[in-house]
Structures are given as C-alpha cells and as structure tokens.
Amino acid sequence: MGKSGQPQNEMLNGTLDRMILRTLVGSDARGHTIAKVEHTSQDVLDVEQGSLYPALHRLEDRKWVSSYWGLSENNRMANFYRLTPEGRKQLARETSRWRQMTPAIGLVMVEGEGAQ
C-alpha cells in the first residue's frame, strides 16, 4: 500500500512509467536508486519493488529504457537502467500531456468540493 492508505497500484497507475523515465534523465541508475523516488516526493510516494521491476521490464519492452551490467558503488555487479532516445521522446510527450491534464484535474477536484 502507498503511504496514503490507497493500494499502491491504484495510486501509481499511469504515473509510475513517467516517474521512472524522469528519474533516468540525469544519469543511468540501478533499480534500487530509482525506487528512492519517495525521497524526491517528500515521502508521499512509496515505490515498491513489486511494482518497480515489472514497470522497468515493460519500459524495456517498449524500447524506452535499456539495461546493462556494471559495477555498483560497492564493486558488485548490478543491473543499471538507461533512458533511450525513444524514451526521451516519450517522456517529452508525456510531460506535455501531464502539464495539460494537471490543471484540468485540479479544476474538476475543486469544483467537486463545492458540490458537497
């Protein structure tokens, strides 16, 4: 479950892929590092491995992310993920759509509060 008490899949449905792509913009990362999105979200979002790794595999299947083996900071072999050029294009499309949708959803939610 997420920290808000909602089932994790419901809370992150449709946004986990975008968050992963955004996390990989700056540099390649291990799954463990990507899962720390909760720190970036001020501990609101809790990405569990049971959701993260299927999403990473889905993004690889779509060719938006690629993976490779490399040495971790403690000199152990680890799987790293990299944003592909196709992934960058998808993130740009998704970010544009997100910027359009967020204010619209906010308007609906505020309007909905007045109806109670």
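Colleague: Why is Phe80 called buried rather than exposed?

Modeller: In this predicted model, Phe80 has a relative accessible area of 15%. Buried means under 20%, so Phe80 is classed as buried.

Colleague: What makes the pair of Tyr68 and Phe80 stacked?

Modeller: The structure holds 1 aromatic pair. The ring centres of Tyr68 and Phe80 lie 5.7 Å apart and their planes meet at 15 degrees. Rings pair if their centres lie within 6.5 Å, and planes under 30 degrees apart count as stacked; the pair is therefore stacked. It links distant parts of the chain, with Tyr68 in strand E2 (residues 65–71) and Phe80 in strand E3 (residues 77–83), 12 residues apart.

Colleague: Why does Tyr68 count as partly exposed?

Modeller: The relative accessible area of Tyr68 is 28%. Partly exposed covers the range between the buried limit of 20% and the exposed limit of 50%, so Tyr68 is partly exposed.

Colleague: How do you know that Leu24 is buried, and where is Leu24 found?

Modeller: Leu24 is found in the loop between helix H2 (16–23) and strand E1 (29–30). Its relative accessibility is 2%; since buried means under 20%, Leu24 counts as buried.

Colleague: Which residues is Leu24 in contact with, leaving aside its neighbours within four places in sequence?

Modeller: Leu24 is in contact with Ala29, Ile34, Val65, Tyr81, Arg82 and Leu83. Of these, Val65 is 41 residues from Leu24 in sequence, while the C-alpha atoms of the two are 8.8 Å apart in space.

Colleague: What makes Ser72 a buried residue, although it is found in a loop?

Modeller: Ser72 is found in the loop between E2 and E3. Its relative accessible area is 7%, and the limit for buried is under 20%, so Ser72 is buried. Not counting residues up to four places away in sequence, Ser72 touches Arg30, Ala78 and Phe80.

Colleague: Why are the side chains of Ser72 and Asn74 said to be joined by a polar contact?

Modeller: The contact between the side chains of Ser72 and Asn74 is 2.3 Å. A polar contact requires N or O atoms within 3.5 Å, and the pair is therefore listed as a polar contact.

Colleague: How do you know that Asn75 is exposed?

Modeller: Asn75 lies in the loop between E2 and E3. It has a relative accessible area of 61%, and exposed means over 50%, so Asn75 is exposed. Its phi is near 60 degrees, a positive value in a residue other than glycine.

Colleague: What makes Lys63 an exposed residue?

Modeller: Lys63 has 55% relative accessibility. The limit for exposed is over 50%, so Lys63 counts as exposed. Lys63 is placed in the loop between helix H5 (49–61) and E2, and has a positive phi of about 70 degrees although it is not a glycine.

Colleague: How many helices and strands has the chain, and what pattern does it follow?

Modeller: The chain has 6 helices and 3 strands, and its pattern along the sequence is α-α-β-α-α-α-β-β-α. Of its 116 residues, 33% count as buried.

Definitions and conventions. Residues are numbered from 1 along each chain as its sequence is written. This is a predicted model: local features need pLDDT of at least 70, side-chain atom pairs count only at pLDDT 80 or more; totals for chains, interfaces and linings use all residues. Side-chain values use heavy atoms; hydrogens and water are left out. Helices (H or I, at least four residues) and strands (E, at least two) are DSSP runs, numbered from the N terminus. Buried means under 20% relative accessible area, exposed over 50%, partly exposed in between (1.4 Å probe, protein chains only). Contact means heavy atoms within 4.5 Å. Rings of Phe, Tyr and Trp (its six-membered ring) pair if their centres lie within 6.5 Å; planes under 30 degrees apart count as stacked, over 60 as edge-to-face and the rest as tilted. A polar contact is a pair of N or O atoms within 3.5 Å; within protein, one must be able to donate a hydrogen and the other to accept it, and residues adjacent in sequence count only if both atoms are side-chain atoms.
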